[in-house]
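Please look over the model below before reading my points.

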Amino acid sequence: MTEAETVPSLASRLKAHLECLYPGENLDALVDQCLATFDLAKTAPSPTPHRNLWNAGDALLITYGDTIRRDGEAPLQTLNAFCRRNLAAGMISTVHVLPFFPYSSDDGFAVMDYSTVNPSLGDWDDLTHLSSGFQVMTDLVINHCSSRSLWFENYKAGRAPGHRYFVEASEDDDLSAVVRPRTSPLLRAVETVNGERHVWCTFSHDQVDLDFANPDVLLEFLGIIRLYLDKGMRWFRLDAVAFLWKVPGGPCINLPETHEVIRLLRLLIEHRQPDAVIVTETNIPNQENLTYFGNANEAHLIYNFSLPPLLLHTMLSGNCQHLKHWLMTMPPAQQGTAYLNFLASHDGIGLRPVEGLLSDEESDRMISTLVASGARVTSRTGASGEVRPYEINISLWDAMERTEADGVDGHQLARFVCAHAIMMALEGIPAFYIHSLLATRNDDDRVEHTGQNRSINRHVWDADELENLLASDTHHRDVFTTLRRLLSIRTRQAAFHPNATQYTLHLGDGLFAFWRQSVDRRQSIFAIHNISGQEQVFNLSELNLISTDEWLDIVSRTSFQERGASVTLAPFEFVWLSNRS
């Protein structure tokens, strides 16, 4: 028997997933419908498993399609020109364009039509043009859609498509254990042709949850994914996917059926497009988040959600003890999977991912420091009805303004850059929110205009104003120039491959340090960062520097000859010591 004969066919693997999800359905017909949507044969060859679809040169930009605007120009064209001019040469490989569809609220995440580009941004040709210079990551807003969508209008009218697309519940159901990211009521009363119904709304009453227990909903989304593939999209961010499947009486998060849906999507997508990448967005405690790797058969990448609040706590407290302990407990990603590291995004800085990692007192102290720098705090309702902080809303530049002990100390720029240097050096792929690259400040006017805390970090730049600031003596220019330089250095280092070896070093609570080694073991980098407002000293003898190699800080280009020399780092200074320049 040949190896090919021992591997189950695509059709049989697909049927096994569908049987877990829809045991009462005509599975053979459903298999045929799924394969036809993706134009796949039942015996389509499987892609090679455990392939890394990335390298050290990969980094992401996260942005809305209209973050930079110019009069008389489609925003997607303005974005494309900005990226090609400033970020194309060995810096950014993938651009995550946040939802670019017609929407009714939540800055795009209440999607009205998944098949259309919002005409205020541009059209599909603009996205296809962007994808010719960068990989493009698109959001698959899979948990819910807009209450103003055609699907929901059809649901209320009892018409297809849509009449069985949404999760209904009764006010008599026990929903007390449902995990919520918001404080709004879970159920919304809706008048339909069949009388009053209560639909499930995890996030807001304008975002109605889709019912994946209905296979027609699955088939709709397979068609949407196929469209995106045909339009040149290769990276897929599964938004809020942890909440996908509902069973009243339990927490309704991270259910086995949710993981089964992800495995099914992965199976079909990678057979259709072997270089496609699936990213799960699951803003939940760390151990739960890690489950979305599956056995290298679910997400290719998972957002490293614990990193932003832990690193922020480290920079504001001047103590890396918790960050170091967390790093030591993080399992290396299997080949074919990787962490997606980020410090800020269009959302706020989530606090659920540090549950069990920071004490309530430590979190509250960090929150108080950030509120003094202009932060807004969003809360959620816990299982017993208590209200706890869920998310900190602040621009990352302003978040680095002060520390817990010293307040405003004059080290904001150094602290900001050091935090990004840590993110770039860690195992995984770095992702930069555009407002972090640009060091955008809190947009309080936008918060007042929208009434949404998250708007504080969703500023819209006039393209000409931005270009002037980046060409002038401003903190925007200082940050943009410095981070671009670090990116250009990082992307040339084999030891910074997302799956290169990583070991935590122990140089005290004021120095956050780790060792990276390339897959071929030819390059080592010792990344050592002073995360405090005081000078920190370490001795090179504390590192395992190979005596026959020459060692160079690839950032400052300083050479280190004496293996027993002491090195002094100024507040928030860092070195990347490499044996290969």
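1. Which residue in β22 is the bridge partner of Leu 511? The partner is Asn 530. Strands β21 (residues 511–517) and β22 (residues 524–530) pair in the antiparallel sense over seven bridges. Here two strands pair if DSSP finds at least two bridges between them. Strands (E, at least two residues) and helices (H or I, at least four) are DSSP runs, numbered from the N terminus.

2. A word on the source. This is a predicted model, in which local features need pLDDT of at least 70 and side-chain atom pairs count only at pLDDT 80 or more, while totals for chains, interfaces and linings use all residues. Residues are numbered from 1 along each chain as its sequence is written, and side-chain values use heavy atoms, with hydrogens and water left out.

3. The sheet is open and has six strands, in the order β20-β21-β22-β27-β24-β25. Pairing is antiparallel. β20 (501–506) and β25 (559–560) are the edge strands, each pairing on one side only. Helix α14 (residues 412–425) packs on this sheet and touches β20, β21, β22 and β27 (574–578). Contact means heavy atoms within 4.5 Å. The direction of α14 makes about 30 degrees with that of β27; axes are lines fitted to C-alpha atoms, for helices over the stretch in contact, and angles run from 0 to 180 degrees between N-to-C directions.

4. Next, the cavities. On a 1 Å grid over the protein atoms alone, a cavity is a set of points where a 1.4 Å probe fits but cannot get out; a pocket is an open set with protein on both sides within 12 Å along at least five of seven lines; lining residues have an atom within 4 Å of a point. Grid points are joined across faces, edges and corners, and a volume is the space filled by probe spheres set on the points. The count is five cavities of 30 Å³ or more.

5. The largest cavity has a volume of about 190 Å³. Its lining has 17 residues, with Phe 203, Asp 239, Ala 240, Glu 281 and Asp 347 nearest the centre.

6. The second largest cavity has a volume of about 150 Å³. Among the residues nearest its centre are Phe 305 and Asp 347. α10 (307–317) and β13 (349–350) each supply at least two lining residues.

7. The largest pocket has a volume of about 520 Å³. Of its 20 lining residues, Asp 106, Arg 182, Gln 452, Asn 453 and Arg 454 are closest to the centre.
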